[in-house]
Amino acid sequence: MAPRRITSFSNETIKRIRSLEQKKFRRMENRFMAEGMRIVAEAAEAGRIAETLVFAEDLAEHALLRRLIAQCEAAGGEAIEVPREILHKITGKDNPQALVGVFPIPEARLEDLDRNAADVWTVCQSLKDPGNLGTILRTNDAVGAGGLILLDQSCDPWSVEAVRASMGALFTQPIVQTTGAAFFEWLRAGPGMLVGTSLRTSHDYQDVRYEAPTFILMGNEQHGLPEDYEAACDVLVKIPMRGKADSLNVAVSCAVMLYEVLNQRRR
């Protein structure tokens, strides 16, 4: 089947895809948008096939694109060929990627998680920056973490910025959005060591023996963890700061913690 060709900015399909830039429409449609050949290809490798592919007309003969189109159509999806100006309209970028994929938002709940499937999990409370969220997902994937649990009013993991920053890792990592109360209740119903990062402790992060499964609890970028969340942890740890800065970026701190857990397992 030949891809459909659209050249009008006012086409309803184009307007619907473009609306996925906004969270309210992502929720209404239960869909999100991923930009770029690499991310869409990595999604396919993880078994996640785009429902809709929109690609630049000058890319039509690209071998990888042709394979992605075939996978999309075989799964009942649709491929749409457009001028690059339409991609600019969809993404809102001056130099848009030559391919955009539309995917259903996966529904993952705490009760769906197998906590014993991985040695380490990441939990973030009121994370606000989508770039940090995407970077944490990439690190999770790198260390073989079980998934990402977002607590309270964290930013949307399906935003264009978070998806881009994840570099495809959101297709390999389950993501659960829930409240702190629901998470603590679920966690204490089974095994799991809850480790909070805090400046209000004397425990060096390398002095603790992490027991599987370990749940690394990261706080908000500006305020860290609330005191009641810290009190709910099995142990609080801090990363030593030798310079003038008093803290690290949350995604960097998360990476340090995850690799410490990984290295303890390797040893």
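Biologist: Which residue in strand 10 is the bridge partner of tryptophan 121?

Modeller: In this predicted model, strand 6 covers residues 120-125 and strand 10 covers residues 214-218, and the two run parallel, joined by 5 bridges. Within that pairing, the bridge partner that tryptophan 121 finds in strand 10 is phenylalanine 215.

Biologist: Which strands stand at the edges of the open sheet of 6 strands?

Modeller: The strand order in this sheet is 8-7-6-10-9-11, with parallel pairing, and neighbouring strands are turned against each other by 25 degrees on average, direction ignored. An edge strand here pairs on one side only, and that applies to strand 8 (175-178) and strand 11 (235-237).

Biologist: At about what angle does helix 10 run to strand 10?

Modeller: Two helices that lie across strands of this sheet can be described in turn. Helix 8 (residues 180-187) lies across strands 6, 7, 8, 9 and 10, and runs at about 135 degrees to strand 7. Helix 10 (residues 250-266) lies across strands 6, 9, 10 and 11, and its angle to strand 10 is about 165 degrees.

Biologist: What is the omega of the peptide bond from alanine 212 to proline 213?

Modeller: Proline 213 belongs to the loop between strand 9 and strand 10. Most peptide bonds are trans. The bond from alanine 212 to proline 213 is cis, with omega near -5 degrees.

Biologist: Which residue in strand 5 is the bridge partner of threonine 52?

Modeller: A second open sheet has 5 strands in the order 1-4-3-5-2, and its pairing is mixed. Strand 1 (4-5) and strand 2 each have a single partner strand, so one side of each is left without a neighbour in the sheet. Strand 3 (residues 52-56) and strand 5 (residues 99-104) run antiparallel and are joined by 4 bridges, and in strand 5 the partner of threonine 52 is valine 102.

Biologist: How do helix 3 and helix 4 stand to each other, and in what hand do they cross?

Modeller: The axes of helix 3 (residues 37-45) and helix 4 (residues 63-74) come within 11 Å and cross at roughly 45 degrees, which makes helix 3 oblique to helix 4. In the contact, Met37, Val40, Ala41 and Ala44 of helix 3 meet Leu64, Leu65, Leu68 and Gln71 of helix 4, a set that divides into 7 nonpolar, 1 polar and no charged residues. The crossing of helix 3 past helix 4 is left-handed.

Biologist: How many charged residues are in the contact of helix 1 with helix 5?

Modeller: Helix 1 (residues 12-19) and helix 5 (residues 84-91) pack at about 40 degrees with their axes 8 Å apart, and are therefore oblique to each other. Ile14, Ile17 and Arg18 of helix 1 meet Ile86, Lys89 and Ile90 of helix 5. These residues divide into 4 nonpolar and no polar, and the charged ones number 2.

Biologist: What is the radius of gyration of the chain?

Modeller: The chain comes to 10 helices and 11 strands. The globule rule gives 18 Å for 267 residues, and the chain is close to that, so it is as compact as a globular protein of that length, with a radius of gyration of 20 Å.

Key: Residues numbered from 1 in each chain as written. Predicted model: local features only at pLDDT ≥ 70, side-chain atom pairs only at ≥ 80, totals over all residues. Heavy atoms only, no water. Pairing = 2+ DSSP bridges. Axes fitted to C-alpha atoms, helices over the stretch in contact; angles between N-to-C directions. Contact = heavy atoms within 4.5 Å. Parallel < 35°, antiparallel > 145°, perpendicular 65-115°, else oblique. Left-handed = near helix turned anticlockwise from the far one by under 90°. Nonpolar A, V, L, I, M, F, W, Y, C, P; charged D, E, K, R; others polar. Rg over C-alpha atoms; globule rule 2.2 N^0.38 Å.
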